[in-house]
Amino acid sequence: KSDGTDIAWGTDSGGKVLGYNHLSTTAATDCSAFADFTTIGSFALSYTPTASNSKLLFMAMLQITVRAVNSSYYGNMEIRFKHGSHGTSEAISIYQGPGSGASTAHTWPITYISQFDAQDANARDFEVEIHNASMTGGNNNGHLYLNEYSGRSSMQVMEISA
């Protein structure tokens, strides 16, 4: 310090990174026919915690395109993130109102970040589930895509000491 006194450093309270894994994809996936929540099979990340009392920081960034079928219909999708048998996140809803046909589309980078307890040291898979909420009575009223326009989607998990 400028007054000549020593700076006292605190004790380490944890927060060290114990492990990390990531996955990135540019593969385009048409999710339009997903009437129920459906896992995108090629977009799953595996991680095994090193300690049951650690924290897991999960981060995902998705390039999502929602397009109405025509000027009478809507594009509406829900996304949720699953982490093994330990649970599923709340759904994130994305909505595209009617426009001038299938040429009206919106692409968003969707970012999701969540922290939770590891609970155990068993391997788990982190997955993305997508649901076409526009489907009513089997009608596909919205077109939904992951990475449609040369997008890149990614997932990361970081384990942090408690």
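**Aromatic cluster and nonpolar core**

Ring pairs link Phe58, Phe81, Tyr112, Phe116 and Phe126 into a cluster; rings of Phe, Tyr and Trp (its six-membered ring) pair if their centres lie within 6.5 Å, with planes under 30 degrees apart counted as stacked, over 60 as edge-to-face and the rest as tilted. The model is predicted: local features need pLDDT of at least 70 and side-chain atom pairs count only at pLDDT 80 or more, while totals for chains, interfaces and linings use all residues. Residues are numbered from 1 along each chain as its sequence is written, and side-chain values use heavy atoms, leaving out hydrogens and water.

**Aromatic contacts**

- Five aromatic pairs are found in a search of the whole structure.
- The Phe58 and Phe126 pair is stacked, because the ring centres are 5.2 Å apart and the planes are at 10°.
- Phe58 lies in strand E4 (residues 55-68) and Phe126 in strand E8 (residues 124-132), so the pair ties together parts 68 residues apart in sequence; strands are DSSP runs of at least two residues, numbered from the N terminus.

**Nonpolar core**

- The largest nonpolar core has 27 residues, and Leu62, Ile64, Ile79 and Ile130 have the most contacts inside it; such a core is a set of buried Ala, Val, Leu, Ile, Met, Phe, Trp, Tyr and Cys residues joined through side-chain atoms within 4.5 Å.
- E4 gives the largest share of this core, six residues.

Conventions
Helix = DSSP H or I, 4+ residues; strand = E, 2+ residues; numbered from the N terminus. Buried < 20%, exposed > 50% of the residue type's maximum accessible area, 1.4 Å probe, protein only.
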